[in-house]
Amino acid sequence: MTDVATDRINLSAPWIDERDEELVLEVLRSGWLSLGPTGPRFEALLADAVGAPYAAAVSSGTAGLHLCMRLANVGPGDEVITSPYSFVASANCAIYEGATPVFADIDPRTFNLDLAAVEAAITPRTKALVTVDIFGYPAEYDELSALCDRHGIALVEDSCEALGAEYKGRRLGAHGHPAVWAFYPNKQMTTGEGGAVTVHDEEAHALLVSLRNQGRLETSSWLQHGRLGFNYRLDDISAALGIGQLERLERILEARREVAARYAELLAGVDVEPPLPDDEDHVRSWFVYVVKLPSGVDRDAVMARMSERGIATAPYVPSIHLQSYMRERYGFSEGMFPVSEDCSARTMALPFHARLERGDQERVVDTLRSVLQSF
Ligand SMILES: Cc1ncc(COP(=O)(O)O)c(C=O)c1O
């Protein structure tokens, strides 16, 4: 959306309509703001949207990933493999439980985990694999899942960026593993803050419901706690917004797909690598629109010049192992995951959301073209 006051084109914008407002108002007026009937309604819609039998709403995607570490019994001394080319939460969830994050490099084509690199990272201590569907593009689930089965490793899908994506004809979330979703306002759909875990097993669902609610058991009264838990509940106001968003999820996904298709058309002839197109086995859900700049071009300078001309961009995404706390704690350094590092240095997100208008996209692309020509 163009910011009228400054004429800036922002990176993202949620799509909130009157139905969302009505649903939120209804909850506010009901006085039942948490642990009411709205949460389960939201969960049922979400489970249906991704093709999983159970959904547990939580307070964020990060909380969902953390709970999945509990589902997988991850603890001190264990190792959890994930992608360095992701948001920090994909790795932090292991650290929360005293385990060690282990990175495997990515495939330069998909930006998702490279199968051979994952296999090489497995040790007798590996307890779980957190796959990431980066920028909404599905990871190689058949191969990764077979690998995990062979080694007795739990697989957790960090699908926080990929609601609505499809792998081999079925939505992510429908493939049998716990899958984690996130609903921050830049995501395909939003609940403000919020997230969810979808699972295929009743017991896992019951455990999630207990863990997110301070370890209360189904039979517990309010001040009885059967296990160590967390307050990772999603309130009913947020869930109401989520219902409104899920009711028109297919329209939102389609609108984002159209915006992406327009970028692909406008970017023809501009010296950047566009996002990988879909194929028979992989249908992306459009979270962000990330282009890769030619090597040797100073990406940060490009971003600065775009910003001077009123266009927001973001360096999606820095490699997790090179974040300062990761270097200090685990001794990670440059050169350890070269594909991820090269992508992190060259990739850039353009303004992207469901209602981005053609005129704004033309301005983004014209600006990018002229900025690149100025180097
Ligand atoms: C890949 C990935 N994992 C996890 C998260 C965490 O989600 P949240 O911000 O809701 O905690 C995000 C959110 O940006 C993400 O992109």
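With which residue does R248 form a salt bridge? In this predicted model, in which local features need pLDDT of at least 70, side-chain atom pairs count only at pLDDT 80 or more, and totals for chains, interfaces and linings use all residues, the partner of R248 is D17. Residues are numbered from 1 along each chain as its sequence is written, and side-chain values use heavy atoms, with hydrogens and water left out.

The closest N and O atoms of R248 and D17 are 3.4 Å apart; a salt bridge is a side-chain nitrogen of Lys or Arg within 4 Å of a carboxyl oxygen of Asp or Glu. Helices (H or I, at least four residues) and strands (E, at least two) are DSSP runs, numbered from the N terminus. The structure holds 19 salt bridges. Side chains of opposite charge can pair when their charged atoms come close.

The ligand is surrounded by 13 residues (a heavy atom within 4 Å), and the closest are G61, T62, D158, E161 and K187. This shell divides into five nonpolar residues, five polar and three charged; Ala, Val, Leu, Ile, Met, Phe, Trp, Tyr, Cys and Pro count as nonpolar, Asp, Glu, Lys and Arg as charged, and the others, Gly among them, as polar. Helix α3 (residues 61–71) supplies the largest share of the shell, three residues.

A polar backbone atom of G61 lies 2.8 Å from an oxygen atom of the ligand, and an N or O atom in the side chain of E161 is 2.6 Å from a ligand oxygen atom. A nitrogen atom of the ligand is 2.8 Å from a polar side-chain atom of D158. Of the 390 Å² that the ligand exposes when taken alone, the protein buries 90% (Shrake-Rupley method, 1.4 Å probe).

Two backbone features were also found. Y316 and V317 are joined by a cis peptide bond with omega of about -20°, and V317 is in the loop between α10 (299–308) and α11 (324–330). N73, which is not a glycine, has a positive phi of about 55° and lies in the loop between α3 and β4 (79–82). Most residues other than glycine have a negative phi, and most peptide bonds are trans.

Conventions: A polar contact is a pair of N or O atoms within 3.5 Å; within protein, one must be able to donate a hydrogen and the other to accept it, and residues adjacent in sequence count only if both atoms are side-chain atoms.
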